[in-house]
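Please keep the structure open as you read.

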Amino acid sequence: MFEAVREQAMLRVFRDRGVLIAIWSAAAMVAGVFIWLLADIAMHGAPRFDLSFLIDAPGNSGRSGGIGPILVSTALILTVAIAATVPVGLGAAIFLSEFTRSGGLPGRAVGLSLDVLAGVPSIVFGLFGNAFFCIWLGLGFSILSGGLTLACMVLPVFIRVAEAGLRMTPGDWRNGAAALGLSRLAVLRQILLPAAAPSLVLALMLGIGRSASETAALIFTSGYVDRMPASLLDSGRAISVHIYDLSMNVAGGDPGAYASALALIVFLFIINGAAKWITDSLTARRIVTL
Amino acid sequence: MNETKAPGYTIARVEQGPPCCDPVPVIEIAGLSISYGGKAALTDVKLDIYRGCITALIGPSGCGKTSLLSALNRMTDLIPGCTVEGSIHFGGVDVRAPSLNVAALRRQIGMIFQRPNPFPFSIRRNLEMPLREHGIRNRTELSDRVERSLTDVGLWPEVRDRLDSPALALSGGQQQRLCIARALVLEPSVLLMDEPCSALDPLSSGVVEDLIESLRHRFTVVIVTHNLAQARRIANYAAFFWMPERAGKLIEFGQCRQIFETPAHRLTASYIRGLRG
Amino acid sequence: MTSSKQNTLPLSRSDTWLIRVLAVASTAAACILVLIVLFMLQEAWPVLQRIGLLRLLSDPAWHPAEGLYGLAPMVAASLAIAAGAVLLAGPFGVASALFVRFYAAAPLASAFRLALLLLAGLPSVVLGLWGLTVLVPLIGRIEPPGASLIAGVLVLALMILPTIALTTEAALDAMPESYLRGAAALGLSRESTILGVILPAVKGSIMAGVLLSAARALGETVVLLMVTGNVVRLPVSLFDPVRALTANIALEMAYAMGDHRAALFVSGLMVALLVLLFVLVSRRLGGGWSFNV
């Protein structure tokens, strides 16, 4: 009998050792691939990555020159997306948080529709954007179409985060303000929105990050043109589309693609860093005079 | 008049007003019933609140005392599913009329909550913001009113040098006094207080209690309290509530001394003696 | 008798306007989904009506020029790639989460976690770029042409792994401390605790995270465009080039007309419905929602 017990104990030790090795190997592999990936992008992207790259226009289909007009187009697309998302998103978030009961019908209907929207794949947004903004509204391949399509994509997450931030504010403040006869508008403007500011900033940053990374929704809404756009109705190429085009359609476009990828990653890094910095400083100031 | 009750705290002197033995009703409640989602919380209350007096609403939890208080300044509007029946007249005006300007009502009838709830601003802004929202923008008037209400609650000597520091950095007792100051700054005639001392430590509780007592005559105060000794100390009138069936009812109302020393109803007598509730 | 059906009544004129503006904003937000459904159906309708869903799945090939709209090979490819990615990323993701929580010392754990967060934040086009320029040639050396089903599986797995790891980590954090203490009191080894107590306890959340990632894998377009070779055929071996349903839409939308375009919209609807199905099941299992979806 002791033999059997000792055998079982040994088997268990082997199994334990096996699991340990498996987990460490898995982690090592993941870490390894991650470092490989980053190193690859840094190495291939760094050579061409300098100030002139960020300013010059692309030449020779992007094999030479820079990404200046593309950065401008991207910035414009992001601006359109944010300009459309923030008012609608903030309005919906405030409505859901302050003016609907948690179980009530309007709240649930809007909430459900947004949840489903959050799950729709980006290519479908591209199809919709093309059918609705480009064709039905007649905006054609333009920065406006692309930005508005991105706004539709980003809205659910923005509303969800903003609403959560508003709901987190203490109900005591609302009661106290109501007892003082303050209007709902005053309460929102002076107390609730400033208190929810960290979440609102986070929501905004998430929106910007997601928009900047998006490719599939932009390919047939904002188009491929890599010249400097003259207006919002002009077609413009976003940086993610540029990376795609250079790597897939342009022979010898890889160095340009890598440098652009590096630029995009740096931009996202700055956005996320700014988000963290703003959120931290707003939270720290929470107890202090607003 | 009250002088120093604890080291470092002084209550300002209060002017005398109309004596309390000549009762003039400022709020008249008749046939008031409140229910939440169909379930009755309070049934058929008839009660008069007299000007310049402190009226205590006493009774065990769940009798509808807070509901009654909330109905007086239409705070029940904020509770989904809450229905109010009956009549409430404030200075002759029907409080429950749909056309009533509720913001103006709440300027006249202020409310203090159980948990102090200063806004996340500076002390000064906590007091100035309601004034600005109600249309008072003149700088001198604002700072005058701020100083006056802080003096009334005895905070002025403590905070005069740090009016721009955060209100949330004050102690619990100071925060509650600030909330009272915030209600006073609008110069109401009635103050509703829902267990204002229950969330405070005994020392702060004493200070706030003294403050409430000092408001007598200048303001009409309706206070919900579980602390029978406190009610006995500061109230002129007491209303005793109980839950005979599953809804709250007003059992007895009268001068405080009479309720506590010679209660007419046997339920009142038992509650006062501490046998029930 | 006053009753409150709403949360509050407007207190002033500015409030009445406020509520109106807010209601308009909310209706606009809620309408987007309705608009999407309407426009997708409108564009897809001609083909659905004239050609029918059955033919779309059973036609022998995808040759829109000749009126053949067989989506089957592409549907199979999409499903196969998503399945492969999930099968690969699942164990690695869970292992990563266990590593961070139970095996790594604090500084290593934070570094690893930071790496996972950074990986989660990488745009898919950048992952596709790396896959195209580094992975595909490597695979091509084993078996040409390199752009293939397996390439898609590998890069997609890399893309969804951080999501699985982070949701598993959240589930582990939400687990009551008492489980671990109880196991320790019984003298169970770390591995026995993991296998016997922890994994069964968080099984539901892990599944939810996995399904959410599967949904994301099904909906992914750019990565598959870049590394799978885009040849319409039923995958026979892992190294066959294939074309995913999503990639197909992206490739042909630019020049598709009439029925061809409508067929692309139909395939878009199919992808959307599949993804939604996975998201709903994931939600049912208790998953929350992920920022990265």
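A salt bridge here is a side-chain nitrogen of Lys or Arg within 4 Å of a carboxyl oxygen of Asp or Glu. This is a predicted model, in which local features need pLDDT of at least 70 and side-chain atom pairs count only at pLDDT 80 or more, while totals for chains, interfaces and linings use all residues. Residues are numbered from 1 along each chain as its sequence is written, chains are lettered from A in the order in which they are written, and side-chain values use heavy atoms, with hydrogens and water left out.

**Chain B against chain A**

Across this interface the rule finds 1 salt bridge. R115(B) pairs with D172(A), and the closest N and O atoms are 2.8 Å apart. On the chain B side, helix 2 (102–108), strand 6 (109–112), helix 3 (123–133) and helix 6 (172–184) each supply at least two residues; helices (H or I, at least four residues) and strands (E, at least two) are DSSP runs, numbered from the N terminus. Helix 3 of chain B gives the most, with 4 residues.

**The two interfaces in numbers**

Contact means heavy atoms within 4.5 Å. Buried area is the accessible area (1.4 Å probe) that two parts lose on being put together, summed over both.

| Interface | Residues in contact | Buried area | Share on carbon and sulfur |
|---|---|---|---|
| Chain B and chain A | 28 from chain B, 20 from chain A | about 2100 Å² | 63% |
| Chain A and chain C | 78 from chain A, 75 from chain C | about 6800 Å² | 80% |

Between chain A and chain C, the count is 0 salt bridges. Helix 1 (residues 2–45) of chain A brings the largest share of the side of chain A that touches chain C, 18 residues. By class, that side of chain A has 57 nonpolar, 10 polar and 11 charged residues; Ala, Val, Leu, Ile, Met, Phe, Trp, Tyr, Cys and Pro count as nonpolar, Asp, Glu, Lys and Arg as charged, and the others, Gly among them, as polar.

**The second largest pocket**

A pocket is an open set of points on a 1 Å grid over the protein atoms alone, where a 1.4 Å probe fits, with protein on both sides within 12 Å along at least five of seven lines; lining residues have an atom within 4 Å of a point. Which residues lie nearest the centre of the second largest pocket? They are G171(A), R174(A), N175(A), M75(B) and L78(B), out of 30 lining residues. Helix 7 of chain A gives the largest share of this lining, 5 residues. The lining residues divide into 12 nonpolar, 10 polar and 8 charged.
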